[in-house]
Amino acid sequence: MSRLGVLVNPSAGHGRGSTGGRDAIAGLARTGHEVIDLSGPSAIGALANARAALWEIDAVVVVGGDGMVHLGVNAVAGTNLPLGIVAYGSGNDFARCIGLPIHDVPAAVDVIVDALDRPPRIIDAIATRVHNPEAAPEQETAVEWTACILSAGFDAAVNGRANDFAWPKGEGRYLRGVAAELIRFRPYGYRLTIDGVVREQDATLVALANAKSFGGGIPIAPDAEVDDGLIDVVIGDAMSRGQLLRLFGKLLKGKHLGEEKVHVVRAREVIMEALPGHHAPPQVFADGEPLGSLPIHARLRPGALRLLTPADA
């Protein structure tokens, strides 16, 4: 039998996470595995609990949405411990991307227990050094791992706005954020160094994608693969509010990649900085969680993450 460290976000799914966490812990315990609740009073506390317990557990299981997945990824990326996911949040983009059950605790528990008996699925992750002016000096350039999407443009501004909304769920909350942010939008200035090639430009959005979607199912990088050894860098050039609104209509259907002002560059390493004298980009978000302000240095790490997934995922 395995020893499983479980992390629960009680506020996931607009407060339903505590129920999902209780059911997940009980379901895993009934299978005969030893379960250790590593949840903390905050995300920082929970991550510290998980890292402190890595030497004595066989897997980490997170219960919640993309934010909780982000926490679990940062606990186990670069180690040989696998991550199990009980998707119980409002967006669940990463879980959906890799074929996990959504809001179905018994099914998610079955996937985890079954996967413990075979080799984990190995995927890539993005290792990022982020500037955080509020952090202590020794933490300011700490490595942050991203499994899904890292955003630093209009998409990030919307993410920040949507996080303040309690309704609606999933994609609807993101669209409400689009409407709120569109009123004050103007393009941002970037200096992007992509695999050593520098480009300076005003842009509407910049997203570094390891997976396909964000915002509750919006396919920002429909061709991205989690195990191809590359980041899909999605860049939306400077555009007007009207052009941006039309772009988001196509983005919802994954049809934006054919647009003249949208470009995808596949890369292994990206340095993103604010361009002096231009409108400053918003706070950076990764997997829906705030990271800090530019500059950031992101590098794709092939095979950095092990997952407990269905056999046919």
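Analyst: Proline 295 has its place in strand S14 (residues 289-307). Its peptide bond from leucine 294 is cis, with omega near 15°. Strands, here and below, are DSSP runs of at least two residues (E), while helices are runs of at least four (H or I), numbered from the N terminus. The model is predicted: local features need pLDDT of at least 70 and side-chain atom pairs count only at pLDDT 80 or more, whereas totals for chains, interfaces and linings use all residues. Residues are numbered from 1 along each chain as its sequence is written, and side-chain values use heavy atoms, without hydrogens and water.

Backbone geometry also draws attention to two residues with positive phi. Asparagine 92 has phi near 60°, although the residue is not glycine, and belongs to the loop between S4 and helix H5 (93-97). Asparagine 92 counts as buried because its relative accessible area is 3%, the limits being under 20% for buried, over 50% for exposed and partly exposed in between (1.4 Å probe, protein chains only). Histidine 103, likewise not a glycine, has a positive phi of about 55°. This histidine 103 sits in the loop between H5 and helix H6 (105-115) and, at 39% relative accessibility, is partly exposed.

Strand S3 (residues 59-64) runs parallel to S4 and is joined to it by five bridges, where pairing requires at least two DSSP bridges. Within this pairing, valine 61 has glycine 84 of S4 as its bridge partner.

The axes of helix H3 (residues 43-53) and helix H4 (residues 66-76) come within 9 Å and cross at roughly 35°; axes are lines fitted to C-alpha atoms over the stretch in contact, with angles from 0 to 180 degrees between N-to-C directions. The crossing of H3 past H4 is right-handed, meaning that the near helix is turned clockwise from the far one by less than a right angle. From H3, Ala43, Ala46, Leu47, Ala50 and Arg51 make the contact, and from H4, Leu71, Asn74 and Ala75; contact means heavy atoms within 4.5 Å. These residues comprise six nonpolar, one polar and one charged.

Turning to aromatic rings, a search of the whole structure finds four pairs, defined for Phe, Tyr and Trp (its six-membered ring) by centres within 6.5 Å, with planes under 30 degrees apart called stacked, over 60 edge-to-face and the rest tilted. Phenylalanine 154 and phenylalanine 185 are edge-to-face, 5.3 Å centre to centre with 80° between the planes. They lie 31 residues apart, phenylalanine 154 in helix H7 (residues 154-162) and phenylalanine 185 in the loop between helix H8 (170-182) and strand S8 (188-194). Phenylalanine 154 is buried at 1% relative accessible area, and phenylalanine 185 is buried at 5%. Tyrosine 188 and tyrosine 190 form another edge-to-face pair, at 6.4 Å and 75°, and both are buried. Ring pairs link Phe154, Phe185, Tyr188, Tyr190 and Phe248 into a cluster.

Terms used:
Nonpolar A, V, L, I, M, F, W, Y, C, P; charged D, E, K, R; others polar.
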